[in-house]
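Please walk through this structure with me, one region after another. Keep the 3D view open as you read.

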Amino acid sequence: MKNVIVPMNAFNNLEVLKKGQASFIPLVAEAGAYGVEIRRELLPEQDLSLETIRKEIERYSLFTVYSAPVELWKEDGSLNSEALERTFEEGRVLGAKWIKVSLGHFHRDHSDLKAMKDYLSRQPDVQLLVENDQTSYGGNVENLASFFESATEQSVPVKMTFDAGNWFYTNQDVKEALSKLARYVGYLHLKQVEVQDGELVTLPLVKGGGYSWEKVKESLPAGIVTALEFPIEPKERAKKYIEMMTESEVLS
């Protein structure tokens, strides 16, 4: 299917760390995915093995997203330039076309969007995506709307990764998030979040229950690139979930 991405954190993290992300790429490709999301936090610090991963991705002609736990804006509102440059350099080695980070501490009155625009103008072949994360500031609808409105006004080439489940972790209203942010979305992360024993947990997708993730998907354009960011166990079930997304597209 030409729009389903499988992120590496969907698989057992200990197994991914032990075997390496490259070893999961054949499974992702054979399951019928359009692409793979490589996760920075699941790369061993002593040996990133980025070139090995890239070769395996190229062997299967997969689209590549690189996700790094980096905040775009520092606590003082300044651009996190060093971390951004490091992330883009790693993304270049991987051959990633999209790079995903989180918002951090954007301040409309003094965060330097011109510096961000200048930096991105030197990366014309890579799309930067900013995701709503699970922090109180980076997963806040108003903060994200302020950033994307300001970035749009200044023609900064940035899009949003809309994580359908993270809003629950930051106690935000999903409908409000869609209302204020849908126009900026270029990438969708799907997960089903429920309360179990008083705690929020991320679960595999179940169709037909009127779940929030289904409403989010219906609210965004058909064919939007979509990542399956929930536990896929056993890992061979990836094919089943990709087919589920395919059926959803056909029905819509």
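What follows goes from the strands to the helices and then to the charged side chains. The model is predicted.

Eight strands close it, in the order 1-2-3-4-5-6-7-10. Their pairing is parallel. From one strand to the next, the twist averages 30°.

Now take one pair out of that order. Strand 2 and strand 3 (residues 63-73) pair in the parallel sense, and five bridges join them. Val 36 faces Thr 64, a residue of strand 3.

Strand 2 covers residues 35-39, and Gly 35 lies in it. Is Gly 35 buried or exposed? Gly 35 has a relative accessible area of 0%. The cut-off for buried is under 20%, so Gly 35 is buried. Which residues touch it, once neighbours within four places in sequence are set aside? Gly 35 is in contact with Val 4, Ile 5, Val 6, Val 28, Leu 62 and Phe 63. Asn 3 is 32 residues away from Gly 35 along the chain, yet their C-alpha atoms are separated by 7.8 Å.

On the helix 3 side, the residues in contact are Leu 50, Glu 51, Ile 53 and Arg 54. They meet Glu 90, Arg 92, Val 93 and Leu 94 in helix 4. Four residues of this contact are nonpolar, four are charged and none is polar.

Side chains of opposite charge can pair when their charged atoms come close. How many salt bridges does a search of the whole structure find? The search finds 21.

One of them joins Glu 58 to Arg 54, with the closest N and O atoms 2.8 Å apart. Both residues lie in helix 3 (residues 50-59). They are four residues apart, which is about one turn of the helix. Glu 58 has 47% relative accessibility, so it counts as partly exposed. Arg 54, at 30%, therefore counts as partly exposed too.

Glu 243 and Lys 239 meet in a salt bridge, at 3.5 Å from N to O. These two also lie four residues apart in helix 10, about one turn of the helix. Glu 243 has a relative accessible area of 38%, so it is partly exposed. Lys 239 counts as partly exposed because its relative accessibility is 41%.

Now look at Lys 191 and Glu 229. Their salt bridge brings the closest N and O atoms to 3.0 Å. This pair links distant parts of the chain, 38 residues apart. Lys 191 sits in the loop between strand 7 (185-190) and strand 8 (192-196). Glu 229 sits in the loop between strand 10 (226-228) and helix 10 (238-251). Both Lys 191 and Glu 229 are buried.

Lys 191 and Glu 229 belong to a network of salt bridges. Glu 37, Arg 39, Glu 41, Lys 100, Glu 131 and Asp 163 are linked in it as well.

Methods: Residues are numbered from 1 along each chain as its sequence is written. This is a predicted model: local features need pLDDT of at least 70, side-chain atom pairs count only at pLDDT 80 or more; totals for chains, interfaces and linings use all residues. Side-chain values use heavy atoms; hydrogens and water are left out. Buried means under 20% relative accessible area, exposed over 50%, partly exposed in between (1.4 Å probe, protein chains only). Contact means heavy atoms within 4.5 Å. A salt bridge is a side-chain nitrogen of Lys or Arg within 4 Å of a carboxyl oxygen of Asp or Glu. Ala, Val, Leu, Ile, Met, Phe, Trp, Tyr, Cys and Pro count as nonpolar, Asp, Glu, Lys and Arg as charged, and the others, Gly among them, as polar. Two strands pair if DSSP finds at least two bridges between them. Axes are lines fitted to C-alpha atoms, for helices over the stretch in contact, and angles run from 0 to 180 degrees between N-to-C directions.
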